[in-house]
Amino acid sequence: MAKALPKHARAVIVGGGIVGCSIAYHLAKLGWSDTVLLEQGQISCGTTWHAAGLVAQLRATQSQTNLAKYTLDLYRDLEAETGQATGFRQTGSISLARTAAREEELKRQAAMAVAFGVEIHRISFDEVTEKAPMLRTDDLVAAYFMPGDGTTNPTDTSQALAKGARANGATIAEGVKVTQVLTKNGAASGVVTDQGEITADYVVLCGGMWTRDLARPLGVTVPLHAAEHMYMVTRPLEGVVRGQPVIRDMDGYIYIKEEVGGLLIGGFEPDAKPWGGDGIPEGFEFALFDEDWDQFDIFLQNGIQRVPSLENAEVRQLLVGPESFTPDNRYIVGEAPTVDRLFVAAGFNSIGIQSAGGVGMALAEWIVDGAPTYDLNDIDIGRFHPYQINRNYLHDRTTESVGLLYAMHWPFRQPETARGARRSPIHEHLVLSGACFGTAFGWERPNWFSPDDPDPQYEYSWGRQNWFEPSAEEHRAAREDVAIFDQTSFAKFLVQGRDAETVLQEVCAGDVAVPPGRAVYTQWLHPQGGIEADLTVTRLAEDEYIVVTGAASATRDFAWLKRHIGDRFAIATDVTSGVCMLGLMGPKSRDLLNAVCKADLSNDGFPFLASQEIEIGYARVRAQRITYVGELGWELYMPTEFAAHVYETLVEAGRPFDLRPAGYHAMDSLRAEKGYRHWGHDITGIDTPVEAGLGFAVGWNKNVDFVGRAAVEAQRGKPLPKRLVLFKLTDPEPLMYHDEPIYRDGTRVGAISSAAYGHTLGASVGMGYVEHEGGVDKAYLEAGSFEVDIAGERVPAEASLRPFYDPTSALVKV
């Protein structure tokens, strides 16, 4: 007889694919033996069982790479630990380039791999055919070999993780369907199953393509959509070497894996087939779809081009099954912003096998320790807006997102599908000004302007793209004249009530007990001192503040704020949609504002960080003297219905001052020159304000035990083995983007976290954390010679703890 389900568990895991099994395994290893995993079918059903089983290490970011590396190490030793065969083989992998552009991408990835601790080598075509004799190479331009990569059997590996979890006390129950997640007082409290209720301290949803609809009734946004993923398996083929490396021919959209002497060939097509938007059929556990040779044809033709003998191969099977994809091709992990103690791990974009081990470890540690022990910002569930679970949006984006896995990973590449839903109230004005839009958090945002082109489009490359010069003009306008930015996408939260100051003093590292009409730049920290948010807090009245943060941080920051209000007399309201925000920046910004309003804009009348209501045209506008570009400037806030009028008034009055609309590429280059940090790249949950050079923003003297205070106090005044450093290349030509390795006297000491071309400085500028056990300070920087590795070439760079542009901020405060 089946063992009866417990009435209570410390943690209930919903879903017995490889990710759920990994979470159960790691929670049990951490001592949580009263963990229960519930699977509606059998272990590995749904998607895991038909996955190709590729296990690669290198991902797009340091954090995802760390998780993938952990996964590989785990799988390598798992069979010895559990006694359950996994089928893991460390075969290595070869990535091929058919074009010079792909070669440049692989060069940059190779440099990034070094920074991330992944072994990679460029190899000759003779070495390629030595490792995989059946490959055609005469149409290639480059090949790179990663010896540490491998393959595994997904079902056997899931069973091994499940066995390890059971060995450490966890309960795994198959044939138990979860129909509802229970909540109490804003937190997960258990689940309802077809065999009764189980109460729980924590609930973890990792049900793959079922997760979206399980989370939806709770108001939790899990934007994923299944698509048909397919691969072909052949009978044994001559020239195939047992255990040969996995082949990735991304220019042909395909991967190739040795399978019992034959080949398994799959890929990611540019125009994919979404599935399951209206629900998943009951009992869909080990089901597959009908063969679709028309859809597979793009893989077959490219496969024959790479392996000519495929043309006469005997096909054993064309397997077509569902896999879940997200709108941005990054999986979804973390605590739900709107429901405490409800965690999610889903939407793995066909890399669930190679990610499961690391995700299981990271999520288990997060649950047990109460905070992430890894930087998970780029995969955090809080990065999405609720509208992104719209079925039409997900269906349309999925047609594109599948193919983007193997498409060229151009810098600044923008999705083309499911666009235009979130628009600023001055969107059409920007269109008429020649804006080329990008997207962030669903917002359409002007990245650059081409006034002479009615329909500007990106022309992608690894060098200076077609927007480089137009954006340079916008940059110079902000430095020399005046520029106007549409910053409406920035999130704005109104905090009201008699306890508003008390709440914000506890949440903010900075001192926000300031008079009304004063803005404070500050961070929010978690208890370990890591930076949860980077934002401004402005006091509007004794019992009222407005918090302004980045668009991409809106969901997670609002949730963080509401969690810390608790039962105190304060309320937080997201007013983003009701408030437009324009940035007027540059040395002539005061002159322009003087032309349209009667307020005293002098330093005495309107000092830096002051916030006042002024009149522009017929509108009342809140003007805030602050900047993210490093020049004299004001942020202007107004109700959305007045936005067009205010914008038109400023544009008309700005003609004598050479006012120019500017986009987010210009904002990025301006802030990089000034050394302004970007949350999610330069500052994250694993970085403290002290390490990030933001100690000036901490209210050391305020008599409040703010969240994270003890952790940052412990670092204060001590040598820092890790510190954010600014870099400027000495060569004006190369371009830095992010994750390029940093070398000091020939030794790797860090990686670039973000960068842009500094048009005023005449070179690429960026920043990155440098690590040195003896401490990173001015003397350490001056005693060494620094280089940055860009696509395999080491470029000399200047290193500084101070901004290269206006280090004293004199221009900001004129």
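1. Helices (H or I, at least four residues) and strands (E, at least two) are DSSP runs, numbered from the N terminus. In those terms Ala791 lies in the loop that joins strand E37 (786-790) to strand E38 (793-800). The model is a predicted one, in which local features need pLDDT of at least 70 and side-chain atom pairs count only at pLDDT 80 or more, while totals for chains, interfaces and linings use all residues. Residues are numbered from 1 along each chain as its sequence is written, and side-chain values use heavy atoms, with hydrogens and water left out.

2. On the overall fold, the protein has 18 helices and 38 strands. Its radius of gyration, taken over C-alpha atoms, is 27 Å, close to the 28 Å that the globule rule (2.2 Å times the number of residues to the power 0.38) gives for 814 residues, so the protein is as compact as a globular protein of that length. Along the principal axes, the C-alpha atoms fill a box of roughly 80 × 65 × 55 Å.

3. Of the contacts (heavy atoms within 4.5 Å) with a separation of 6 or more, 72% are between residues 24 or more positions apart.

4. Helix H1 (residues 18-29) packs against helix H5 (residues 154-167) at an angle of about 25°, with the axes 8 Å apart; axes are lines fitted to C-alpha atoms, for helices over the stretch in contact, and angles run from 0 to 180 degrees between N-to-C directions. That angle makes H1 roughly parallel to H5, since angles under 35 degrees count as roughly parallel, over 145 as roughly antiparallel, 65 to 115 as roughly perpendicular and the rest as oblique. Ile18, Cys21, Ser22, Ala24, Tyr25 and Ala28 of H1 meet Pro154, Thr157, Ser158, Leu161, Ala162, Gly164 and Ala165 of H5. By class, this contact has 9 nonpolar, 4 polar and no charged residues, with Ala, Val, Leu, Ile, Met, Phe, Trp, Tyr, Cys and Pro counted as nonpolar, Asp, Glu, Lys and Arg as charged, and the others, Gly among them, as polar.

5. H1 also packs against helix H2 (residues 62-82), at an angle of about 75° and with the axes 14 Å apart, and the two helices are therefore roughly perpendicular to each other. Ile18, Tyr25, His26 and Lys29 of H1 make this contact with Tyr70, Leu74, Tyr75, Leu78 and Glu81 of H2, and its residues divide into 6 nonpolar, 1 polar and 2 charged.

6. Most residues other than glycine have a negative phi. Ala791, however, has a positive phi of about 55° although it is not a glycine, and this residue is buried, with a relative accessible area of 13%. Asp658, in the loop between helix H15 (640-654) and strand E32 (659-662), has a phi near 60°, again a positive value in a residue other than glycine; Asp658 is partly exposed, at a relative accessible area of 46%.

7. Thr684 sits in the loop between helix H16 (664-674) and helix H17 (709-715), and is buried, with a relative accessible area of 2%. Not counting residues up to four places away in sequence, Thr684 touches Asp375, Gly530, Ile531 and Trp679.

Key
Buried < 20%, exposed > 50% of the residue type's maximum accessible area, 1.4 Å probe, protein only.
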